[in-house]
Amino acid sequence: MAEIILEGVTKRFPDGALAVQNVDLDIADGEFVILVGPSGCGKSTTLNMIAGLEDITEGTLRIGDRVVNELSPKDRDVAMVFQSYALYPHMSVRENMGFPLRLAKVDKATVNAKVEEAARVLDLTAHLDRKPANLSGGQRQRVAMGRAIVRDPKAFLMDEPLSNLDAKLRVQMRTQISRIQRRLGTTTVYVTHDQTEAMTLGDRVVVMRQGLVQQIGTPADLYDHPRNLFVAGFIGSPAMNFLNATLENGVLRSPLGDLPLDDRTRQALERQNAPRELILGLRPEAFEDAALARGRERGRPVFTATVEVLESLGSDVYVYFSAEGGPVTTAELEELATDSGLRDTGAEAGQQIVARLDAATRAREGEPVELQVDMGKAHVFDPATGANLTHPASVG
Amino acid sequence: MAAVGKTHATRWGVLNVVVVLYALFPVWWIAALSFKDPSTLTDGDYIPREWTWENYRGIFDTSEFTRALVNSIGIALISTVIAVALGTMAAYAVARLRFPGKKVLIGMSLLIAMFPPISLVSPLFNIERIIGIFDTWIGLIIPYMTFSLPLAIYTLSAFFREIPWDLEKAAKVDGATPAQAFRMVIVPLAAPGVFTTAILVFIFCWNDFLFAISLTSTEAARTVPAAIAFFTGSSQFQQPTGSIAAAAVVITIPIILFVLFFQRRIVAGLTSGAVKG
């Protein structure tokens, strides 16, 4: 067990492409850190550099109190779980899990004891003498986990370990990984492109884009105080709604009508010399059915929308409607749309807004509904830089 | 439907029988010859009227054949082992590593494979005589190895390319040195490829006649295909046809055994289960 410290870590490929730029990251002993981002953001390259499978072009990497830049993977004492599981097909489950120990010249009795123990934890005891080819996807995944935990390494590195499992199994394994990590208290770096996994598993989450770290923070921090448009759009499901808005006399003119800003936001915008043209970001839960408003909530701005699609989840109701005005287009949002495949569905044609309402709402498909907006939950972004102007304090 | 399937099967069955007969007829013919006694050799029958072991007894009586058999087995096995060992390493490099001059290396090995051996026989003959390895085992092993290496590298690199790279990464992170990763993970998975290559290389060395006849002069290194050419009858008026047929049958047997023994190891899909799917 050890802390992992990245200082200005950069990866430049021989063809000149910058995969990872200047990453600074302190991972505390026993911490569970998630690297998340769309494909090609450099998260896997970063993990491979920690493992020693990729050379570090610039910067230093420390595991424990040692600089390990020049150490080969076998001398770094880290264990890795691969997306493909990478089980040795010619070895039984027992041999697969014992392989790292045998390489470390651990005596046979100890190897056996450790393998049996890991198999018990992972519920693999019945399968110890089978070959990987005869196991199901979930079992293979657990063997890969087992191979990592028998060693008691300084750190676990996991490269999208759940992305080959079907949805239900993924949720199950997610909690199991979380449990095992907490029990062992081993420092873990986990790479995923799935923001739900990132939010549910990590102590801290590192959002990356195009080789650059966008924001490092706890899941709640990222959700409530996204530093920029990219993080705001990436974290959260359904995603944050973005609208073009114009600032006039402390009021935001938006396709949803005029929305007054609260004092704190107004002051923050003034302090930063905010431009007139802005992007307003509203999470689905920033909306509520005006008919259900109570007490002070009644003072919130209200607008009318025609419900196009209504999805009832029992506990909540998602309401989809269109807003006037063209869709918000910035490089960050384009990239998110491309990555999530939204591009292919043609969803960008209109400006679709999704609102999460209380299950008690009377909203009906095809009928108008009065919605109120909680401007306390609104985010305002600078279209040019993508920076979040509402929460400048969280910058850094 | 069933009727269509049946005629289809029959047609294929007939075709298979024709092909097998076509391929095995010469084998049967030479085998039949080897069991005939000298007086009936030329009677034109495909089934010997009187079966005799005389021809076999004859060839094993003299050192001419037995010595050649030892040479053949020794030279072919050593060449195969060395060619496959070198080929495995070279193929691994070709399949996995990016290094300057890789294309040149592949081109060179292809060039060697394309060179007509006959054009090399005279220079090889002179070189080997000068450096003193003419008519020795090593004098045949070197050209065999050289000519079978391109084939070995090609076959093996195709197999290596199919092994998921993640396995090697996993081995490295698990604490293996590159050599251990290669020996404990990559080679066992490439085993079907290694055995296939070994069979091909062995057959090439075993069957060679050109180098064997040109680079040997005595029983010291003469292999069976060359030795057969030197067979004489028991008297100078007798044709050695029976002995040649018997020798031909005898040298076919190791090849058959070799293939039967190794084909069990050539099981496809050994890598299934390594990665998803």
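These legends go with close-up views of a predicted model.

**View 1. Where chain A meets chain B.** Here 26 residues of chain A touch 24 residues of chain B. Together the two chains bury about 2,200 Å², and 65% of that comes from carbon and sulfur atoms. Look for Lys74(A), Pro89(A) and Leu103(A): they supply 25% of the area that chain A buries against chain B, more than any other three residues.

**View 2. Polar links across the interface.** Seven residue pairs make polar contacts between chain A and chain B.

**View 3. A salt bridge between the chains.** Two salt bridges run between chain A and chain B. In one salt bridge, Asp174(B) pairs with Arg151(A), at 4.0 Å from N to O.

**View 4. A helix and a loop joined in chain A.** Asp203(A) and Arg182(A) form a salt bridge, 3.9 Å from N to O. Asp203(A) sits in the loop between α6 (195-201) and β9 (204-209), while Arg182(A) belongs to helix α5 (residues 167-184), 21 residues apart.

**View 5. A pair within one helix.** Arg266(A) and Asp263(A) meet in a salt bridge at 2.5 Å, N to O. Both are in helix α9 (residues 263-271), three residues apart, or about one turn of the helix.

View 6. Arg356(A) is in strand β19 (residues 351-358) and Asp316(A) in strand β18 (residues 316-323), so the pair ties together parts 40 residues apart in sequence.

Note on methods. Residues numbered from 1 in each chain as written. Chains lettered and ligands numbered in written order. Predicted model: local features only at pLDDT ≥ 70, side-chain atom pairs only at ≥ 80, totals over all residues. Heavy atoms only, no water. Contact = heavy atoms within 4.5 Å. Buried area = accessible area lost by both parts, 1.4 Å probe. Salt bridge = Lys/Arg side-chain N within 4 Å of Asp/Glu carboxyl O. Polar contact = N/O pair within 3.5 Å; in protein donor to acceptor, adjacent residues only side chain to side chain. Helix = DSSP H or I, 4+ residues; strand = E, 2+ residues; numbered from the N terminus.
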